[in-house]
Amino acid sequence: MTKIERNNDFTMREQISTALTDLETDVAALQTDLSALDARVVTLESNIGYALFVQSPEFDPADSTTYYFGSLPLPPSTTGAERRLHVPRAGTITRVDVTSYAKTAGSNESVSLYVRKNDTSDTLVATVSTSANLRYFQASGLSIAVAAGDYIEIKLVCPAWGTNPLSVYFAGNVFVK
């Protein structure tokens with residue numbers, strides 16, 4: 001075993017002390033970088049947004065009736081707040097795209113589709129008048145603020161049809177940014 005001289009012992013302590021100081025500086029810099037990265041991830045998540053899927057299985061809409069549906073694979077209800085689609089993260093609904101298909105098209109009276117928030121406020125998506133089997137309801141440029149825990153439903157307002165559509169399905173997306 002080699003005997004360490006006093007001056008070498010002092011030099012080793014000084015080197016270790018310097019290395020520890022450098023390490024503490026590096027750790028502080030890493031923590032700053034991680035905080036900045038966390039902030040960028042939060043910003044990215046809020047800019048990307050997400051989509052909520054809405055659907056309804058086959059049903060036969062009645063004249064002059066209002067229906068509500070969300071994401072449950074259940075026929076629309078005539079009572080609000082039964083087909084809730086809960087909002088997982090705060091944001092703003094900016095766009096809605098919903099397509100319906102009817103095996104029997106029905107006549108071309110006006111059908112309106114709304115986003116209903118918390119069973120209290122409605123925002124029109126579109127009113128469509130066509131006798132085609134496919135009906136497309138779309139709105140962009142919407143600005144419906146939602147908080148985590150809010151819920152939405154799609155509200156369908158049916159007219160008194162000359163010929164009712166039959167075997168109607170709905171599916172679409174609500175985009176939240």
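Histidine 86 is found in strand S3, which covers residues 85–86. The structure is a predicted model.

**Histidine 86**

- Histidine 86 counts as partly exposed because its relative accessibility is 45%, and the partly exposed class lies between buried, under 20%, and exposed, over 50%.
- Along the chain, histidine 86 and aspartate 150 are 64 residues apart, yet their C-alpha atoms are separated by 5.8 Å.
- When neighbours within four places in sequence are left aside, the residues in contact with histidine 86 are Leu52, Gly149, Asp150 and Tyr151.

**The open sheet**

- Four strands form an open sheet in the order S1-S9-S4-S7, and their pairing is antiparallel.
- Strand S1 (50–59) and strand S7 (134–146) each have a single partner strand and stand at the edges, so one side of each is left without a neighbour in the sheet.
- On average, and with direction ignored, neighbouring strands of this sheet are turned by 15° against each other.
- S1 and strand S9 (residues 166–176) run antiparallel and are joined by 8 bridges.
- Leucine 52, which is in contact with histidine 86, has valine 174 in S9 as its bridge partner.

**The nonpolar core**

- The largest nonpolar core contains 32 residues, and Ile93, Leu113, Phe137 and Phe170 are those with the most contacts inside it.
- Two or more residues of this core come from each of S1, strand S2 (66–69), strand S4 (91–104), strand S5 (110–117), strand S6 (121–129), S7, strand S8 (151–157) and S9.
- The element that gives the most to this core is S7, with 5 residues.
- Beyond its neighbours within four places in sequence, phenylalanine 170 is in contact with a list of residues that includes Val54, Phe59, Phe69, Val98, Leu113, Phe137 and Leu156.
- Gln55, Ser56, Thr99 and Ser100 are also among the contacts of phenylalanine 170.

- About 80 Å³ of space lies in the largest cavity.
- The lining of the largest cavity consists of Pro61, Ser100, Val111, Arg135, Phe137, Leu156, Cys158, Trp161, Pro165, Val168 and Phe170.
- S7 and S9 each supply at least two residues of this lining.
- Phe137 and Phe170 belong to the lining of the largest cavity, and both are also named among the residues with the most contacts inside the largest nonpolar core.

Terms used: Residues are numbered from 1 along each chain as its sequence is written. This is a predicted model: local features need pLDDT of at least 70, side-chain atom pairs count only at pLDDT 80 or more; totals for chains, interfaces and linings use all residues. Side-chain values use heavy atoms; hydrogens and water are left out. Two strands pair if DSSP finds at least two bridges between them. Axes are lines fitted to C-alpha atoms, for helices over the stretch in contact, and angles run from 0 to 180 degrees between N-to-C directions. A nonpolar core is a set of buried Ala, Val, Leu, Ile, Met, Phe, Trp, Tyr and Cys residues joined through side-chain atoms within 4.5 Å. Buried means under 20% relative accessible area, exposed over 50%, partly exposed in between (1.4 Å probe, protein chains only). Contact means heavy atoms within 4.5 Å. On a 1 Å grid over the protein atoms alone, a cavity is a set of points where a 1.4 Å probe fits but cannot get out, and a pocket is an open set with protein on both sides within 12 Å along at least five of seven lines; lining residues have an atom within 4 Å of a point. Grid points are joined across faces, edges and corners, and a volume is the space filled by probe spheres set on the points.
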